[in-house]
Amino acid sequence: MRQELQSLPKGLAEDVARNLVMVANLIDEDPEQAYAYSKIALRLASRVAAVREAAGFAAYATQKYSEALAEFRAARRMTGSVELWPVMADCERGLGRPERAMAMAGEPEVQKLDKAGQVEMRLVAAGARRDMGQIDAAIVTLQSPELASNSVQSWTARLRYAYADALLAAGREGEAREWFAKALEADKDGATDASDRLAELDGVEFVDAHDAHDEHDAQDGDHSDLSGATDVRDDEADDADEADDADDADEQDDLSDDVVDAQADEAADVDVDTDTDTDTEGDKSS
């Protein structure tokens, strides 16, 4: 790429290079932003093959398959390389033309690809077979010396994963599980979700940390409601106690009144008796 950019004026070459770096840095995490940078580079240097290729991959990452295919074809015309042949075939799949992808899989260009390119082409061809509902043919397409090899290459995990997924689609769950496990063994960079697929087959359910946090908060809310209900009951109990105390006080007042009344009656009786005795003594004196 650096050699291609040397054909540009220095300032322009630096601007293009900066945009291409941004495309490379963002294409996985933010493909839309990467696509925007690729359009800037394309506007600055559309006659540079590396720019057309970068624009193609950015469009491919955002599922703009027609645009991606056009950029890949332009880059291939400029360089004469067959390196982009598999991704061009996959663009045909993305455009809903799996039969064209299959036709490309049988072209002489495939024989010019390196081993990684040939495996990639095999993956695309198997995908095209599945697009056409030919699941058994897809399985056969993936069966190859590369699949059977114990050697782990950059493409091994993806090839084993695709084979496992095709087996599962065909209802061959036991074999699928075996190959998902083999894919996981080869997947050192986490390029596939083989571990999740294995867990699904084994009936293991994963709880999302965010969901667990929400559930915990909900439980706390329930506890808070219970606490609130307890507080209400405590308040009601306090009110009842206060009412009982008030009744006791009233009863005590009633008792006190009765005692006072009784004492008053008793005193009245004493006065009456005293008066009677006095009158009697008066009578005797007379």
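Reader: By the ring-pairing rule, how many aromatic pairs does the count come to?

Author: This is a predicted model. Rings of Phe, Tyr and Trp pair if their centres lie within 6.5 Å. By that rule, the number of aromatic pairs is four.

Reader: Are the rings of F57 and F72 stacked or edge-to-face?

Author: Start with the centres of F57 and F72, which are 4.9 Å apart. Then take the planes, which stand at 70°. Planes over 60 degrees apart count as edge-to-face. So the pair of F57 and F72 is edge-to-face.

Reader: Which helices hold F57 and F72?

Author: The two residues are 15 residues apart, and their pair links distant parts of the chain. F57 is in helix α4, and F72 is in helix α5.

Reader: Is F72 buried or exposed?

Author: The cut-off for buried is under 20% relative accessible area. F72 has 0%, so F72 is buried.

Reader: What angle do the ring planes of Y163 and W179 make?

Author: Y163 is in helix α11 and W179 in helix α12, 16 residues apart. Their ring centres are 5.1 Å apart. The pair is edge-to-face, because the planes stand at 90°.

Reader: Is W179 buried or exposed?

Author: Buried means under 20% relative accessible area. Y163 has 6%, so Y163 counts as buried. W179 has 14%, so W179 also counts as buried.

Reader: K64 lies over the face of which residue?

Author: K64 is at 4.4 Å from the ring centre. The cut-off for that distance is 6 Å. The ring belongs to Y35.

Reader: Which element gives the largest share of the lining of the largest pocket?

Author: The largest pocket holds about 610 Å³ of space. It is lined by 24 residues, and D90, E120, L123, V124 and R158 lie nearest its centre. Elements giving two or more residues to this lining are α4, α6, α8, α9 and α11. The largest share, six residues, comes from α8.

Reader: How many charged residues does the lining of the largest pocket have?

Author: Sort the lining by class. There are 14 nonpolar and two polar residues. The charged residues number eight.

Reader: What is the volume of the second largest pocket?

Author: Its lining includes A105, V110 and E146. By class, the lining divides into five nonpolar, two polar and three charged residues. Here too, α8 gives the largest share, six residues. The volume is about 180 Å³.

Reader: Is V82 buried or exposed?

Author: V82 is in the loop between α5 and α6. Beyond its neighbours within four places in sequence, V82 contacts R76, E109, K112 and L113. The C-alpha atoms of V82 and V110 are separated by 7.9 Å, though the residues are 28 apart along the chain. At 12% relative accessibility, V82 counts as buried.

Reader: What is the phi of Q63?

Author: Q63 lies in the loop between α4 and α5. At 59% relative accessibility, Q63 counts as exposed. Q63 is not a glycine, yet its phi is positive, at about 65°.

Conventions. Residues are numbered from 1 along each chain as its sequence is written. This is a predicted model: local features need pLDDT of at least 70, side-chain atom pairs count only at pLDDT 80 or more; totals for chains, interfaces and linings use all residues. Side-chain values use heavy atoms; hydrogens and water are left out. Helices (H or I, at least four residues) and strands (E, at least two) are DSSP runs, numbered from the N terminus. Buried means under 20% relative accessible area, exposed over 50%, partly exposed in between (1.4 Å probe, protein chains only). Contact means heavy atoms within 4.5 Å. On a 1 Å grid over the protein atoms alone, a cavity is a set of points where a 1.4 Å probe fits but cannot get out, and a pocket is an open set with protein on both sides within 12 Å along at least five of seven lines; lining residues have an atom within 4 Å of a point. Grid points are joined across faces, edges and corners, and a volume is the space filled by probe spheres set on the points. Ala, Val, Leu, Ile, Met, Phe, Trp, Tyr, Cys and Pro count as nonpolar, Asp, Glu, Lys and Arg as charged, and the others, Gly among them, as polar. Rings of Phe, Tyr and Trp (its six-membered ring) pair if their centres lie within 6.5 Å; planes under 30 degrees apart count as stacked, over 60 as edge-to-face and the rest as tilted. A charge sits over a ring if NZ of Lys or CZ of Arg is within 6 Å of the ring centre and within 35 degrees of the ring normal.
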